[in-house]
Amino acid sequence: MASGSATDWQATVEAVFREESGRIVATLIRQTGDFEVAEESVQDAFLAALERWPRDGLPRNPAAWITTTARNRALDRLRRAQRFARRQAALHALAAAESAEAADPFAGRSGLADPTGADGPSTESEAALPDDRLRLIFTCCHPALSPEARVALTLRTLGGLQTPEIARAFLVPEATMAQRLVRAKRKIREARIPYRVPPPEVLPARLASVLAVLYLIFNEGYLASGGEAPIRRELCAEAIRLARIVVELLPDEPEARGLLALLLLHDARREARQAPDGSLVLLEQQDRRRWDRAAIAEGSALLAEALAAGRPGPYQVQAAIAAAHDQAATPAATDWPRIAALYARLAILAPSPVVELNRAVALAMSGDLEAGLAILDGLGGDARLAAYHPFHAARADLLRRSGRSAEAAVAYRRAIRLTANPAEAAVLRERLAEIEAAGR
Amino acid sequence: MRYLFMIFGAEVDPATVPDAEAAAEMAAYNAFTQEVQARGLMLGGEALEPSSTATTVRVRDGHALVTDGPFAETKEQILGYYLLECADLDEALEMAARVPGAASGGIEVRPIWELPAEAAPAAPGATAV
């Protein structure tokens, strides 16, 4: 591939970095003990690749090329660094890493490179999980960083996405996203967020933060419609890829597996979710032949594995709900009683008004209209649902089916005003018209 | 690395606090102080008198402006502080959660700005300041 257009090369280099740089950044952070130096050195390597590869051709071993280039840049940066003592230790660590390259993954470690070394690291958890990417993902998703910063940093360092791409995906100006990343890296350094896998006593809570970040990334790609479609699809793919890595690195955590299952089971409906005009197609209207059966099979299998561990959690339950939908050949074949029971489970594990809303709908769909309406009436006072159009749409529907037409009409009008989705508005208008016609 | 722990909370009139409750809070703080001392983290810490006893000084154009009261009139004020030496932010956050005031108010954990170490080169394996 020695010749090609500039945009081809841009795409190639970006693709390679997305694949390889996460691992390289992670290792370099450990070797230098400096998040910023490591991340910026890999960025230097990216720019160097953009310049050299079109000229010299794709390297035989791109990962090795990036590693060597980044390491050299890191050495340069460290030599210029202010903090003398820190610099000496880091230079020593890097030199040791170079000479002991392939053999021992821990060759470069010094007391500095592992910031918790002075305290006595929890060698158990470090030995069991040697992959630097795991340290990196926990650091990026540290609760001391803002949620937006966690997402941006994860995509940048682990995902290997470039800043402009991330900015576009989250619809913020590039300068804003760049600032967000700078501030996050600065906080890691200034507040001394440690570069390590959290010890067992806090791991579950910290893992929840990681999974939440991945879910956020996925939803950003999944819930948007039209416009930046290719970027959005990439976000879903990236979230799934990172979730796979977490499952690989933490095989004994069922919630990690549950999240991956959930993402796959949602992503399976990708092709059927968008109408030609870019608007979202409602679940009951989707052409199920366009659902990705392989993804459904994989998601279902992962879910079964997760549940076998006997430690249920919110992601596993949500995955089970998604599986129940995905396994129904037609909307009529949906196992609504099961879904209602699952939402009841979810209401205990991760209560929220939206969970209650969905439980009410599932109960009504399984035949118990009364119970569904009772729940919705109970939610009527919740301010968080006031502007949430699915709440009003669901209420309208149940009221209509119960014969309470006047109240239904009010709720339909509210829902129509609140929804931004033309397909949904059309359905709601139809139902409203039906009631009004019957009322004459 | 040093961190300042600022204990924020709503100020309560001590006269309205039952003796038992006041004693319990005192005991809880003593226990925390003892714990951080035992762990070798304690560099300092005090309770403060209420914000009504505060005076704020600003110097503008060479003139000292003195006002009665705290710097900011917020519902929650700083009630006290700890200065602790912690290995990293995780240890600091772990300790912050144990400060008794965290249960009703909040603890702001702020790293102390450390002077860059231009001292003699440390041996490899030493932890930088």
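I shall speak about chain A and then about chain B. Please bear in mind throughout that this is a predicted model.

Let me begin with the overall composition of chain A. DSSP assigns 21 helices and 0 strands to this chain. Chain A has 440 residues, of which 43% count as buried. As for its contacts, among those with a separation of 6 or more, 61% are between residues 24 or more positions apart.

Which residues touch the most other members of the largest nonpolar core? They are A:L214 and A:A243, in a core of 128 residues.

I turn now to a pair of helices in chain A. Two packed helices are described by the angle between their axes and the distance between the axes. For helix α6(A), residues 132-140, and helix α7(A), residues 147-158, the axes come within 8 Å and cross at roughly 155°. An angle over 145 degrees counts as roughly antiparallel, and therefore α6(A) is roughly antiparallel to α7(A). The crossing of α6(A) past α7(A) is right-handed. On the α6(A) side, the residues that take part are A:R133, A:L136, A:I137 and A:C140. On the α7(A) side, they are A:R150, A:L153, A:T154, A:T157 and A:L158.

Chain B brings us to strands. Strand β5(B), residues 76-85, pairs with strand β1(B), residues 2-10, in the antiparallel sense, over 9 bridges. Within that pairing, B:R2 has B:E85 as its bridge partner. Strand β5(B) is also joined to strand β2(B), residues 42-47, by 5 bridges, and these two strands likewise run antiparallel. Here B:G45 stands opposite B:Y82, and B:A47 stands opposite B:G80. How many of the 6 residues of β2(B) are buried? The count is 0, and the strand is hardly covered.

Helix α2(B), residues 89-98, does contain buried residues, namely B:L89, B:D90, B:E91, B:A92, B:M95 and B:A96. The buried residues of this helix pack against β1, α1 (19-38), β5 and β6 (106-111) of chain B.

A:R192 has a phi near 55°, a positive value in a residue other than glycine. A:R192 lies in the loop between α9 (174-190) and α10 (203-223) of chain A. In chain B, B:D61 is not a glycine either, and its phi is positive at about 50°. B:D61 lies in the loop between β3 (55-60) and β4 (63-68) of chain B.

Are these two residues buried or exposed? A residue is buried if 20 or more other C-beta atoms lie within 10 Å of its own, and exposed if 12 or fewer do. A:R192 has 20 other C-beta atoms within 10 Å and is therefore buried. B:D61 has 5 C-beta neighbours inside 10 Å, so B:D61 counts as exposed.

Thank you for your attention.

Note on methods. Residues numbered from 1 in each chain as written. Chains lettered and ligands numbered in written order. Predicted model: local features only at pLDDT ≥ 70, side-chain atom pairs only at ≥ 80, totals over all residues. Pairing = 2+ DSSP bridges. Helix = DSSP H or I, 4+ residues; strand = E, 2+ residues; numbered from the N terminus. Core = buried A, V, L, I, M, F, W, Y, C linked by C-beta atoms within 7 Å. Contact = placed C-beta atoms within 7 Å. Axes fitted to C-alpha atoms, helices over the stretch in contact; angles between N-to-C directions. Parallel < 35°, antiparallel > 145°, perpendicular 65-115°, else oblique. Left-handed = near helix turned anticlockwise from the far one by under 90°.
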